[in-house]
Amino acid sequence: MTDTSRPKVRLGDFGRLGYLITRYVRPYWKSLLVLLLGSIGATFLLALSPFILAPILDIALGKEITAGSVEPVSLSNLNLSNLGAAVLQWLNIGSIGNKFTAIVILSVIWAAAGILASLVIFGNYLVALWIRVRAARDMQQDLYKHILSLSLSFFHRQRAGELMSRLDNDTIA
């Protein structure tokens with residue numbers, strides 16, 4: 001007994017979709033590379049947040065931040081209990097001694113990383129929009145050229161409104 005409730009997947013449709021994507025997006029491969037690198041950069045900046053917040057929490061919860069009170073931390077023995085101390089060492093903030101000043105410096109670094117990540121994400125949005133608009137424009141131009149090459153009998157058989165709808169809406173994605 002076969003299951004007829006599940007739609008059948010035709011690889012031909014995926015192949016045609018892949019062809020369309022490569023045909024209309026390939027000219028913008030440099031922009032796609034910028035988009036990929038921007039996404040990696042934004043992910044890295046957003047991943048910094050816990051590393052910056054760890055020492056703020058350590059200081060707020062009363063851990064000592066003076067230079068002599070914290071033993072050196074390397075990447076090999078890094079864990080959640082010494083993450084705040086390690087970040088303080090790496091940023092050389094442990095020698096400040098004043099908890100408020102250390103929290104202000106770390107907060108500024110945290111806010112700057114967040115703002116920079118937001119700017120990169122917005123830039124990625126603009127690049128993706130730029131690619132999308134140009135690929136849709138290229139698709140519409142090819143479709144218009146094809147429509148103009150059709151015979152007059154085709155236009156007698158088709159409704160003008162349906163053709164206009166297809167030309168405008170089907171290429172927008």
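Which residues make up the largest nonpolar core? In this predicted model, local features need pLDDT of at least 70 and side-chain atom pairs count only at pLDDT 80 or more, whereas totals for chains, interfaces and linings use all residues. Residues are numbered from 1 along each chain as its sequence is written, and side-chain values use heavy atoms, with hydrogens and water left out.

The largest nonpolar core consists of 6 residues, namely Ile-56, Ile-59, Leu-88, Ile-93, Ala-102 and Leu-106. Helices α2 and α4 each contribute at least two residues to this core. A second, separate core of 5 residues includes Tyr-24, Tyr-28, Ile-131 and Ala-135. A nonpolar core is here a set of buried Ala, Val, Leu, Ile, Met, Phe, Trp, Tyr and Cys residues joined through side-chain atoms within 4.5 Å. Buried denotes under 20% relative accessible area, exposed over 50%, and partly exposed the range in between (1.4 Å probe, protein chains only). Helices are DSSP runs (H or I, at least four residues), numbered from the N terminus.

Helix α3 (residues 83-90) is mostly covered, with 6 of its 8 residues buried. These are Leu-83, Gly-84, Ala-85, Ala-86, Val-87 and Leu-88. Their cover includes α2 and α4 (99-148). Asn-92, which follows α3, has a positive phi near 60°.

Within helix α4, Asn-124 is buried at a relative accessible area of 12%. Neighbours within four places in sequence aside, Asn-124 is in contact (heavy atoms within 4.5 Å) with Val-34, Leu-35, Gly-38 and Ser-39. By contrast, Leu-37 of helix α2 (residues 29-60) is exposed, with a relative accessible area of 54%. Leu-37 belongs to a nonpolar surface patch together with Trp-29, Leu-33, Leu-36 and Ile-40, and the accessible area of the patch is about 540 Å². Such patches comprise residues with over 30% relative accessible area and no salt bridge, with nonpolar side chains (Val, Leu, Ile, Met, Phe, Trp, Tyr) joined within 5 Å and like charges within 9 Å. Accessible areas come from the Shrake-Rupley method with a 1.4 Å probe, and for residues only the protein chains shown count as cover.

A search of the whole structure finds 3 aromatic pairs. Tyr-28 and Trp-130 form an edge-to-face pair, 5.5 Å centre to centre with 85° between the planes. Tyr-28 lies in the loop between α1 (11-25) and α2 and Trp-130 in helix α4, so the pair ties together parts that are 102 residues apart in sequence. Tyr-28 is buried, at 10% relative accessible area, whereas Trp-130 is partly exposed, at 36%. The rings of Phe-154 and Phe-155 are also edge-to-face, with centres 5.4 Å apart and planes at 80°. Rings of Phe, Tyr and Trp (its six-membered ring) pair if their centres lie within 6.5 Å; planes under 30 degrees apart count as stacked, over 60 as edge-to-face and the rest as tilted.

The structure also contains 3 salt bridges, each defined by a side-chain nitrogen of Lys or Arg within 4 Å of a carboxyl oxygen of Asp or Glu. Asp-142 and Arg-23 are joined by a salt bridge of 3.1 Å, N to O. Because Asp-142 lies in helix α4 and Arg-23 in helix α1, this pair ties together parts that are 119 residues apart in sequence. Asp-138 pairs with Arg-137, with the closest N and O atoms 3.1 Å apart, and Arg-159 pairs with Glu-162, with the corresponding atoms 3.5 Å apart.
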